[in-house]
Amino acid sequence: MDTATTSAHTAARRTRAIFLMLTAVGLFALMDAGLKLLTAHYPPFQVATLRGASSLPFVLVWALATTGVGPLLRVRWSLHLLRGVLGIAMMAGFVYALRTLPLTTAYSIFFVAPLLITALSVPFLREHVGPRRWIAIAIGLLGVLVVLRPTGEGVLTIAGLAVLLAALGYAVSAITVRILARTDSTQAMVVWLMALMALGAGALAWPGWVPLRSEDLWIILGIGLGGALGQYTITEAFRLGEASLIAPLEYTALVWGVGLDLALWGVLPDAVTWLGAAIIVASGLYLLRRERVHVEAEHP
């Protein structure tokens, strides 16, 4: 294969990866909108149960079709159980916040997760984080404070803190994924997360379970299908493209958040929320750039 053909092939892979990542972000945003609609009628743990249970059949079919049963059973159960606990807490916290916060505000706070992943990689993975990346993390956290506005006039409420805790849970879960990826398949990680979320959150939700309304069944089906397709497309995106190229596209969720907030709930973020979101996104993008430089320096 000549150089021109190789370059064209690489460009095609990157284009497909970008398309898949943008599709995944859109699917997850639509799923989150569905979750927000359900919060008006059901408790947070029940919504978390519906999230896991509705996606489980779809991801199970995908896993069985691609890897079979074996890789689903040969797993590190202790870490999967930890991911299950973190997933339940993260989803319940995020869903609780969506009852009162616009999608845009929730996304703005949740975008601190990549910064937390980098910070946590030091104690958990023994990775080196230089002073520039620590500064980016600190600036990103400052952006979170701007969004939360801890003055009594902003969204420093239980809902705002719930999103922040959900982002922390997501970051810790992402660290476990880096460890699990050394031995377990992606399919196993997705299937068991959905299964444990459905079972664990279901047990917690059962005492206060609210009967499902027939008009909500299509929303639940959409959440399950959107979540499963989103998981597949984001997995394929990271398989085909470099993380430094793909990861920044996650921030396009803000565009979806604004559009869905306006279309479904008639709200728009205020100027201070936009400012905080801009600080967080800029810090995240700079952090991704510095990580790419760091990787290239280690592997020239």
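**Ground rules.** I'm working from a predicted model, where local features need pLDDT of at least 70, side-chain atom pairs count only at pLDDT 80 or more, and totals for chains, interfaces and linings use all residues. Residues are numbered from 1 along each chain as its sequence is written, and side-chain values use heavy atoms, with hydrogens and water left out. My helices are DSSP runs (H or I, at least four residues), numbered from the N terminus.

**α7 by itself.** Helix α7 covers residues 131-148. I checked its length: at 1.5 Å a residue its 18 residues should span 26 Å, and its end C-alpha atoms are 26 Å apart, so the two agree. The expected span is 1.5 Å times one less than the number of residues. I listed its buried residues (under 20% relative accessible area, 1.4 Å probe, protein chains only): Arg133, Ala136, Ile137, Gly140, Gly143, Val144, Val146, Val147 and Leu148.

**α6 against α7.** I found α6 (residues 113-125) packed on α7 at about 135°, with the axes 9 Å apart. Axes are lines fitted to C-alpha atoms over the stretch in contact, and angles run from 0 to 180 degrees between N-to-C directions. The pair is therefore oblique, the class left over once angles under 35 degrees (roughly parallel), over 145 (roughly antiparallel) and 65 to 115 (roughly perpendicular) are taken out. On contact (heavy atoms within 4.5 Å), I noted Leu115, Leu116, Thr118, Ala119 and Val122 from α6, and Trp134, Ala136, Ile137, Gly140 and Leu141 from α7. By class that contact has eight nonpolar, two polar and no charged residues. Here Ala, Val, Leu, Ile, Met, Phe, Trp, Tyr, Cys and Pro count as nonpolar, Asp, Glu, Lys and Arg as charged, and the others, Gly among them, as polar.

**α6 against α8.** Next I took helix α8 (residues 158-180): its axis and that of α6 come within 9 Å and cross at roughly 50°. That makes α6 oblique to α8 as well. The α6 side of the contact includes Leu116, Ile117 and Phe124, and the α8 side includes Tyr170, Ile175 and Arg178. I counted up the classes as 14 nonpolar, one polar and one charged.

**Val25.** Last, I looked up Val25, which lies in helix α1 (residues 3-38). Val25 is buried, at 7% relative accessible area. Leaving out residues up to four places away in sequence, Val25 touches Leu249, Glu250, Thr252, Ala253 and Trp256.

Note on methods. Helix = DSSP H or I, 4+ residues; strand = E, 2+ residues; numbered from the N terminus. Buried < 20%, exposed > 50% of the residue type's maximum accessible area, 1.4 Å probe, protein only.
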